[in-house]
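Work through these exercises with the structure open beside you. Try each task before you read its solution.

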Amino acid sequence: MNIDIAAAPEESPETAAKRLIATKRRRRARRQFLFGFLLTAIFISWMVNDFLAPDVNSVSLSAKPAPSAPEINFDRRDMVPMQRRSSEDQLKKGDSLAALLARNGVAAGEAQAALDSLKTEFDARNLQPGQKVRVFRAWPPEDDAKLSEGQFAGFDLIPEPRQKVIVQRLDDGRFETTRQNRPLNEKYFVADTLITSSVYEAARSSGVAPNLVADLIRLFSFSVDFQRDIREGDQLEVLYTRRFDQNNQLAEEGEIIFVALTNRGQRLAYWLHNQDDEERHYYDEQGRSVQRLLMRTPVDGARLSSRYGMRRHPILGYTRLHRGLDFAAPVGTPIYAAGDGQVIKIGRYGDSGLYIKLRHNDRFETAYAHMNGFAKGLKKGDKVKQGQVIGYVGRTGLATGPHLHYEVLQGNMPVNPRSLNLPPRQELSAQQLAAFETTRTQAAKRIGTLASRNNSLTSLPR
Ligand SMILES: [Zn+2]
């Protein structure tokens, strides 16, 4: 300081006064700017809290924003407190963890030591492109983190929603890998929307995740023809869950708890219900399962290539009754059991080629022909579940190309699977209906609570 004063050139009192005023002005401007900045910051954080919070369940919303992701936990060791920082990266297609670490400035030797440690606990070969990885660096407290690169302190990743894998450098320089369970909180959300173009659009634009929209469409596909039946102004209501980690970050999508579609004035509603600790299924208001006794199309991604009825046979050349439906699909496409039942025929049967017949109850049987092969180990007398793979599409027997010939027999007579009004797969008994009533009441309460909060659902992350 002394040196500065001594070095400063002499100045007149006039200049000195001017300089003093200028300094004062600068200080005032700085104060005003700081004050303005502070007000803006407070306003922005208030906005973020009130309008952009990713959760409509405001009960669990605190006044503070969610804390940022936690740093690696070093508490259990006596260590010099270090400054830590993480940078996030993700695996690209054809990428490896080694490449990712190199890209983030980790020296080859250190990266290898960390990966060797990881190998003892976790198989990184199954990681998918898009997997996020946080790479940590540490600095001694007195260092300026802007000036030096710091030391590679490890990395962590969340390979599945309920699990975290942490690789951290110990104070002796070695690396240690630990796995942590991540407890997740389930939260409920509602969407209540009018359909303007399609069910898919309506559900997506009110924040329902794509996988849940697919579930929802599958649920209604037993009773609604989406291409024909949906009208503008139909209403869709959904109660669904999402799971959050302890930092209030979305960890995974949950499931549909309740869904209702009011289609041309008629309301179809389904509830997810756990019956006797068995699988959970969806039931309608009367306790009938959404799933019907038989699936309409026992093969995925197939094209209906020949309908039921009289037709000229493509190979035999004369007209006869086509006793079933033909679904064209590539060789090897899985074929599902259309309903719960028992295998009563399995083998090679002349023109039908490799063939399976299932008995579902005392009224219905289904048959599958021209298969390429059967599900491994499947034999006569075996019990099968609806949707279980029983074989694969082929062109064995009398067939012009790979397809599934599918027949439904009622009392041993072929019937048109398309025009059948199939009974539900399961109906709840009077006693089971009491438990189902509880499920429905709970769903109604949740919807009531969420709806009364009057939250804007459009701000949900998509
Ligand atoms: Zn056929």
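**Exercise 1: A helix and its partners**

Task: Find what the buried residues of α6 pack against.

Solution. Start with the partners: the buried residues of α6 pack against α5 (199-205), β7 (235-244), β8 (250-263) and β9 (266-274). Packing is judged by contacts, and two residues are in contact if their C-beta atoms, placed from the backbone, lie within 7 Å. Helices (H or I, at least four residues) and strands (E, at least two) are DSSP runs, numbered from the N terminus.

Two notes before you go on. This is a predicted model: local features need pLDDT of at least 70, side-chain atom pairs count only at pLDDT 80 or more, and totals for chains, interfaces and linings use all residues. Residues are numbered from 1 along each chain as its sequence is written.

Next, name the buried residues. In α6 (residues 210-220) they are Leu212, Leu216 and Phe220. A residue is buried if 20 or more other C-beta atoms lie within 10 Å of its own, exposed if 12 or fewer, and partly exposed in between; C-beta atoms are placed from the backbone.

Then ask why they share a side of α6. They cover an arc of only 75° around the axis, so they sit on the same side of α6. The arc is that of the directions from the helix axis to the C-beta atoms.

Last, turn to the opposite face. Pro210, Asn211, Ala214 and Arg218 are exposed there, on the face turned away from the buried side.

**Exercise 2: The sheet under the helix**

Task: Give the strand order of the open sheet that contains β7 and β8.

Solution. Five strands line up as β6-β7-β8-β9-β10, with antiparallel pairing. Two strands pair if DSSP finds at least two bridges between them. The edges are β6 (185-194) and β10 (280-283), each of which pairs on one side only. From one strand to the next, the twist averages 25°.

Zoom in on one pair. β7 and β8 are joined in the antiparallel sense over nine bridges. Arginine 243 has glutamate 252, in β8, as its bridge partner.

Now place the helix. α6 lies across β7, β8, β9 and β10, and runs at about 35° to β8. Axes are lines fitted to C-alpha atoms, for helices over the stretch in contact, and angles run from 0 to 180 degrees between N-to-C directions.

**Exercise 3: Positive phi**

Task: Is arginine 264 buried or exposed?

Solution. Locate arginine 264 in the loop between β8 and β9. Count its neighbours: with 9 C-beta neighbours inside 10 Å, arginine 264 is exposed. Its phi is near 50°, a positive value in a residue other than glycine. Most residues other than glycine have a negative phi.

**Exercise 4: Confidence**

Task: Where does pLDDT stay under 50?

Solution. pLDDT is the predictor's confidence in each residue, from 0 to 100. The protein chain averages 82, and 79% of the residues score at least 70. Residues 44-78 stay under 50. Residues 456-462 are also below 50. Where pLDDT is low, the predicted coordinates should not be read in detail.
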